[in-house]
Amino acid sequence: MFLRCILSGLPLILATSVARAADEIDFNRDIRPLLSQNCFACHGPDDHDRKGKLRLDTEAGSRKAIEPGDPAASEAMARILSDDPDEVMPPRKTGKKMKPEEVELLRRWIAGGAEYAEPWAYVAPQKHAVPTAVGDGWAENWIDAFLLDRWAREGVDPAPDADPVTLARRLHFDLTGLPPAPEAVERLAASDDPAADYRRLVDGLLASDHFGERMAVYWLDLVRFADTVGYHGDQDHNISPYRDYVIDAFNRNLPFDQFTREQLAGDLLEDPTVDQQVATGYNRLLQTSHEGGVQPKEYLAIYAADRMRNLSGVWMGGTLGCAQCHDHKYDPYTSRDFYAMSAFFADVDEAQHFKVGNNALPTKRPPEIKVLSRRDRELLAKLEATEPRSAEVEKQIAAVRARERLTMVTVSIDPRETQVLPRGNWLDDSGEVVAPAVPAFLGALDTGGERATRLDLADWLTDTGGGVGGLTARVFANRFWYLFFGEGISASLADFGGQGVPPVHPELLDNLAVEFYEGGWDVKRLVRLLVTSRAYRLSSVPPPELLRRDPANKLFARQSRYRLAAEMVRDNALAVGGLLNLELGGASAKPYQPEGYYRHLNFPPRKYQQHDDARQYRRGLYVHWQRQFLHPMLKAMDAPSREECTARRPRSNTPVASMVLLNDPSFVAAARGFAARIVEEGGATRRERLDFACRAALSRPPDDEERRILGGLLPAGGGAGEGGEAWVPVARALMNCSEFNTRN
Amino acid sequence: MSDRPHLADLLNRRTFLNRSGVGLGAAALGSMLGREAAGTPGAEGGGLPGFPHLPAKAKRVIFLCMAGGPSHLETFDYKPKLDELHDKPMPESFTAGQPLAQLQGQQLKVQGHLTKFRRHGKSGQLVSDFLPWTAKLADDICIVRSMVTEQINHDPAHTFMNTGTAISGHPSMGAWVNYGLGCETENLPGFVVLTSVGGRNPQPIASRQWSAGFLPSRYQGVEFNSTGDPVHYVANPEGVSRAGQRRLIDAVQGLDRHRNAQVHDPEIETRIAAYEMAFRMQASVPELVDLSDEPRHILDMYGAQPGDGSYASNCLLARRLAERGTRFIHLYHRGWDHHGGLEKYMGICCGLTDRPTWALLTDLKQRGMLDDTLVIWGGEFGRTPMFQGKGGPGRDHHIKGFSMWAAGAGVRGGITYGATDELGYNAVEDAVHVRDLHATMLHLLGVDHERFSVQHQGLDSRLTGVEPARVVGDILA
């Protein structure tokens, strides 16, 4: 018995050959995806387009066409099996066709009683008993116990442990986005007590400022953080302090529930701090337009929808955006839910930028406040308390003050009236007026008759009792897993709905979710748990038998291997080239980009002024994020435009990306810097220098074949006294090779 | 962006491998795709299995986007009543409750035609005096006077025209077409974008207009630049010769092969192939944009000065791309947003585009390529029958009725299809919605738009969206 891939609607199907342990049918895992994919568009929650008054998403509704225990008497089966082109389901014109094994599965389910189950994502996570005593001391923590138990039932053996070099590099990139110093790798490789030294390494990296930077990259993708407005003139707007806030929040390990509260509703907290105000920049991150002739009413509708897509995608793993024009086709979200949820944000001051937004750079998008980062505020307080205030201290104070930046924040005004827009049409005033409310099927807020606020919403999102905190915790436990194992336990990172992919290991995901909120929404604690598991430390090279049994690595019996994220590709090359500027936080930086790249921007016309100082080599996450024309290097490496919530970046492998690594002047500069380092720091002989080069780039010495290949790039007959120029091709070759750019 | 697993990654690998021309064993491919998919990738050109669905009339599309929204009332849609009511208040029956752009809250009055119309060709099609060269094509083009779109501002209107929705994150039609049909060239991108400027203050155009959206990045349009490197990073670093670059790539590939002997990762094989194709593109792109092998009379026909970045040069490049197998060639000429000074700016825009457009069609025809090349001309919307006066008479954005034309593969030339009302406001006869245009374009390419979907956020997403779309059968040859 094989578990079929759930993505049966895709033109290209990834077949998995993960054997299912038991033969019993699980509705959520086996049947719901089939019904959702083939039936719900016409026989699902949306009553507007429902055909034949039949709904198959509820048990009661299904009984019209399904006779429990009797497939032969079930109209649904008859229609699916029909040869009549006018009768057959799904209808021919949908292009959908159920496979014989799917039909058989459905038949068995009906024969067995056709029992339904609540959608898995909306059932609060439960703590499951940790499987006991398997693996003979192999397990490092309970994650491993769950996995081992599963592997045992599947008859799968895990890959061996990764070698220390691979492990150290993996851990550094995963926790900081930076390559390790050669010494850090060597320490771990030569350790007498690798387990203790590994833990020390984990703790050290979690305490590093770069941890916040690394986590911020993912968060900024989710919340679509960018330096420009997105529509029409794509003017700059003031928002970089929000990025500093995010980095800082991860670094000081702000509990995730509070992180949520501050972003959605920091302004509604009692005496909000500067950071809490900056955090409310979240509500201003959406795309806006300053085009002459925009209709405020139309754009208010566009903005409301943008927010709903993002909020539901980020926190709920939901696709509420689908309910803008109609009830959701696959999930119980109604169109009314969509507008009632959007009403939470009807108090966000949006009017001002319609009045004063213009074609300046940056454009004006009040309300904005002028702030220093938390660290600068602390530094300033210290300086100002210094006695006596020497000229030098005054100079430092002035230098800190000069770093003040404007940032968009949320200011609460009298809420706009929110109406349901029939079919999403903003010209249609006939819809019902709605008050802020959470989706009806997920409960209701008790606000004692008061209008519910964004703060109520934020509390509800993280309340594991009366709210959907369990869902939120599961969404993020799944995404953290994805960040450190290369794939989610549920592969649909932003769709936990009926069309999403059920988790391959629901009990493990449940326990991680419970661990997350019971541990006080402690992000570092959860990350530590993940990376100190034995499973995290496995090799990403699958033994042949494992590859045969589980080609797609659904069981996580080995680690994943993939190209580094765009920012890491840049940071890694610049770091090895000795050019990387590791300054923390601050305004966005403008490194080299091809001339004329912004020529299509107008209102006003744009000329990219690259920074020729130290900012040229700042880390990738600080690069100016122009939504309409993302830096071509970042784009070639699959960084998103940040117009919408991105929970998963694609991992492409294209000639355009090859040309970036080969020819982009930033990478050429990095190679030249690296070549200079090889000559200056790498010893006197070619052999020593090749050793140094490989250690610096790959954290290990070259083998004979690599020596031969790299040595072949050096000029004939050279030797000691060779300048850096001769070593540039060696540097370029190393910086272009797969191992350098891959998280192994 | 899709949050789905693997699809994007797998397709990136698959399509690339199919097109790279670098021989990879079926085993390597199979291990990348899983058993089920291993046998299925379309062998020819790497399109989807079963594509095209129908016999294809068109092999490729050249889309001439007149960005900013040219006035249908000064190009193809003649309304005697408009001149009659010139300067009179616009009848409210037309405009009450309708969305307006810059004319919100203003007195609305009728603006008569700012040019003359004449009949041309055997077909006697009406074309304005602004387009004397297009007029010569009267018997070749099918004018659609009943276009309708849903977005009244430039940026969302372009997004709607290109992706079928105003919500960002969806693929542009060029990406869709390459995804479905694959690419016919191994040395050039399958979806190329060329841009030019001239006319009234050019509206910005965002790279999302040629985005692959939720399709793999492989399908995104590659913009060719008229200055600097024709494609970003296509030139070797300073001081590196082609032979030097070859040696370097050989070394990189050598290191990767050596690595792969230890880790057995199909992704590395793909990467080796990607470097090979990058090396080829480094030669084929400069060769493509080097017009020195074009005879003088061809350059003169287009009015192209090599390297000037003009619409004329881009038309000539479009032909060269079409010859070399690029599937979707999207030209943008930005300058058609004529809120004021319409006569002056129409003169400039038409002066820059009219003759090159004629030359492109004529050149394709004389090479026998118009038979399998679909050419589409038009803006993201039209312009109001009402006056707007930012620096001389002009017109505001208009979405309820406007004109486009199509020619070439499978399109009936010499006909006019559909009509607007007496003032050119609403499309009242045979309205053609943007999604109908998409359905018709796909049909000519041999694709049934209803059977061409990708799952995104749980929904079977199509270029033609969820509302009904029709193939406009009356304009097919």
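I start with helix 28 of chain A, whose buried residues are A:Arg686, A:Arg689, A:Leu690, A:Ala693, A:Cys694, A:Ala696, A:Ala697 and A:Leu698. Bear in mind that this is a predicted model.

How are those buried residues placed around the axis of helix 28 of chain A? Seen down that axis, they fall within an arc of 165 degrees, so they line one face of the helix. What do the buried residues of this helix pack against? Their partners are in chain A: helix 8 (182-189), helix 24 (566-576), helix 27 (665-681), helix 29 (704-711) and helix 30 (724-736).

A check on the length of helix 28 of chain A, residues 686-698. With 13 residues at 1.5 Å a residue, the helix should span 18 Å, and its end C-alpha atoms are 18 Å apart, so the two agree. After the helix comes A:Ser699, with a positive phi near 65 degrees.

Now the domains. Chain A is assigned domain 1 (27-118), domain 2 (211-371 + 409-443), domain 3 (372-408) and domain 4 (665-743). Between domain 2 of chain A and domain 4 of chain A, the C-alpha centres lie 48 Å apart.

On to the cores. The largest nonpolar core has 306 residues, and the members that touch the most others are A:Ala731, A:Met735, B:Ala318 and B:Leu374. Which element gives the most to this core? That is helix 10 of chain B, with 12 residues. Domain 2 and domain 4 of chain A both give residues to this core, so the core lies between them.

Take B:Ala318 from that list. Leaving aside neighbours within four places in sequence, B:Ala318 is in contact with B:Ile62, B:Leu194, B:Ile329, B:Leu331 and B:Leu360. There is also a second, separate core of 17 residues, with A:Cys39, A:Leu56, A:Met98 and A:Ala114 among them.

Last, the contact between the chains. Chain B puts in 80 residues and chain A 82 residues. Several elements of chain B each supply at least two residues to the side that touches chain A, including helix 1 (7-20), helix 7 (154-163), helix 10 (266-289) and strand 16 (453-456). The largest share of that side, 10 residues, comes from helix 9 of chain B. By type, the residues on the side of chain B that touches chain A are 32 nonpolar, 28 polar and 20 charged.

That is where I'll stop.

Key. Residues are numbered from 1 along each chain as its sequence is written. Chains are lettered from A and ligands numbered from 1 in the order in which they are written. This is a predicted model: local features need pLDDT of at least 70, side-chain atom pairs count only at pLDDT 80 or more; totals for chains, interfaces and linings use all residues. Two residues are in contact if their C-beta atoms, placed from the backbone, lie within 7 Å. Helices (H or I, at least four residues) and strands (E, at least two) are DSSP runs, numbered from the N terminus. Ala, Val, Leu, Ile, Met, Phe, Trp, Tyr, Cys and Pro count as nonpolar, Asp, Glu, Lys and Arg as charged, and the others, Gly among them, as polar. Domain bounds come from an automatic or database domain assignment. A nonpolar core is a set of buried Ala, Val, Leu, Ile, Met, Phe, Trp, Tyr and Cys residues joined through C-beta atoms within 7 Å. A residue is buried if 20 or more other C-beta atoms lie within 10 Å of its own, exposed if 12 or fewer, and partly exposed in between; C-beta atoms are placed from the backbone. The expected span of a helix is 1.5 Å times one less than its number of residues. The arc is that of the directions from the helix axis to the C-beta atoms.
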